[in-house]
Amino acid sequence: MNARIVIVIPVYNEATVIGEVLAEIRKTGNFSIIVVDDGSRDDSFVQASARGALALRHRINRGKGAAVKTGIMAANLLEPDIVVTMDGDGQHDPADLSVLVQPILDGIADVVLGSRTLNRHEMPKTKVVANFFGNFFTWLLYGIWVSDSQSGFRAYSKYAALIIDTKADKYEYDSKVIREIKTNRLKYAEVPVRTRYTEYSQGKGQKQGLVNGLITLFRMIWNMLT
Amino acid sequence: MIEKIHLYQVVVVAISSVMLFQGIKEFVKRESGQTILKLLVRLIVWGGMAVIAIYPNISYKFSKIVGIEDNITAVIVTGFVFVFLIIFKLLSAIEKLEQNVSELTRRDSLREAHERIEQLRQDIVSEDRSRQDRS
């Protein structure tokens, strides 16, 4: 792959796994990696810096969306061909990176959405149901039906990384990107990605649970009204 | 037909007009985050309030359907509208503050990492050059 690819990883208290995640990514190719520590209370920032990533730090926790946006803005300064976002808890398999960026390299998409539901048999049933509701409300509010509106494993062309702009700070960021795809008439594609539902990634409190899902839905509706 | 204009009608229509004007202006100017659906929601919510204020008889039909025809309802509804407006305004202000805090946090982190970002950019450029030279 000759394209200049920058990987953005938002992290919040992921010090125990971020080193392993970075090492795994390095094995798959020569990428520039930006880790955005979103006000962690542990030493995620130190761990990421020590393993050769360009680590940025939010002084206070602002949410996944805010961290991703910071990372993409930093990535844009590196003049990349493609920007990839992935989670910092190791649930995304770096082996899927080549599949994820291929539609952009082929010129058939500006945004590629890694879809966990296209490999649905690997997904816990509660996640399948929650994801359906996420997809439904994303479609209802923003007008595009996608198979996994909440996936954080995505690839953006240089143009898309520059043009997509949302003020969403929390988990609604992922849905807002879908809105941006429609508003800016970007070409998009969905590719199946594997997800590793480990005890660690399932046990984290700040992940999208029922309550967080309802808060995200409220934020999406609220933003429609204001 | 409007027989007599009451103060609440003027107030509600004035507030609704401002909200509708802002919504239409933002949509026409294509400001960030403005969509046709958002405009429609504004038209329905604020337009609906204005229509009910101008033609209150519509609310009688509604109250018959709902089944509340007591006079006290008017007082409760008026209070509810005021509370709704205050909450609406407060939540909007909080939302704006949250966005500003995020923006400041972002600028701070990018400024702190500015030199390292520039260093990485130069490393990437020189790596690209040496790769091109090799090929």
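## A bridge between two chains

Let's start where the two chains meet: Arg121(B) forms a salt bridge with Glu79(A), and their closest N and O atoms are 3.4 Å apart. Please keep in mind that this is a predicted model. Several elements of chain A supply at least two residues each to the side that touches chain B, namely β3 (54–58), α3 (64–77), α5 (125–142) and α9 (210–225). Of these, α3(A) gives the most, with six residues.

What kinds of residues make up this side of chain A? They divide into 15 nonpolar, seven polar and 12 charged.

## The interface as a whole

Stepping back, we can look at the totals for the meeting of the two chains. On one side, 34 residues of chain A take part, and they are in contact with 33 residues of chain B. About 3,200 Å² of area is buried between chain A and chain B, and carbon and sulfur atoms give 55% of that area.

How many salt bridges are there between chain A and chain B? The count is four, and the pair of Arg121(B) and Glu79(A) is one such bridge. Between chain A and chain B there are also 10 residue pairs in polar contact, with both residues at pLDDT 80 or more.

## Getting to know chain A

Chain A has 226 residues, of which buried residues make up 58%. Its secondary structure consists of nine helices and seven strands. If you take the contacts in chain A with a separation of 6 or more, residues 24 or more positions apart account for 74% of them. Chain A exposes about 9,400 Å², and carbon and sulfur atoms supply 58% of this area.

## Getting to know chain B

Now for the partner. Chain B contains five helices and zero strands, so its pattern, read along the sequence, is α-α-α-α-α. Buried residues make up 24% of the 135 residues in chain B.

Among contacts in chain B between residues at least 6 apart in sequence, those joining residues at least 24 apart come to 58%.

## A buried serine in chain A

Ser175(A) lies in helix α7 (residues 173–183) of chain A. Is Ser175(A) buried or exposed? Ser175(A) counts as buried because its relative accessible area is 0%, under the 20% cut-off.

Which residues is Ser175(A) in contact with, leaving aside its neighbours within four places in sequence? They are Thr138(A), Tyr142(A), Ser149(A), Gln150(A) and Met220(A). With Gln150(A), the C-alpha atoms are separated by 6.5 Å, although Ser175(A) and Gln150(A) are 25 residues apart along the chain.

## Two loop residues with positive phi

Most residues other than glycine have a negative phi. Two loop residues of chain A have a positive value instead. Asn13(A), which is not a glycine, has a positive phi of about 55°, and its place is in the loop between β1 (5–11) and α1 (15–28) of chain A.

The other is Arg185(A), a residue other than glycine with a positive phi near 50°. Where is Arg185(A) found? Look in the loop between α7 and β7 (188–192) of chain A. Arg185(A) counts as exposed because its relative accessibility is 77%, over the 50% cut-off.

Key
Residues numbered from 1 in each chain as written. Chains lettered and ligands numbered in written order. Predicted model: local features only at pLDDT ≥ 70, side-chain atom pairs only at ≥ 80, totals over all residues. Heavy atoms only, no water. Contact = heavy atoms within 4.5 Å. Buried area = accessible area lost by both parts, 1.4 Å probe. Salt bridge = Lys/Arg side-chain N within 4 Å of Asp/Glu carboxyl O. Polar contact = N/O pair within 3.5 Å; in protein donor to acceptor, adjacent residues only side chain to side chain. Helix = DSSP H or I, 4+ residues; strand = E, 2+ residues; numbered from the N terminus. Nonpolar A, V, L, I, M, F, W, Y, C, P; charged D, E, K, R; others polar. Buried < 20%, exposed > 50% of the residue type's maximum accessible area, 1.4 Å probe, protein only. Areas by Shrake-Rupley, 256 points an atom, 1.4 Å probe, with all protein chains shown as cover.
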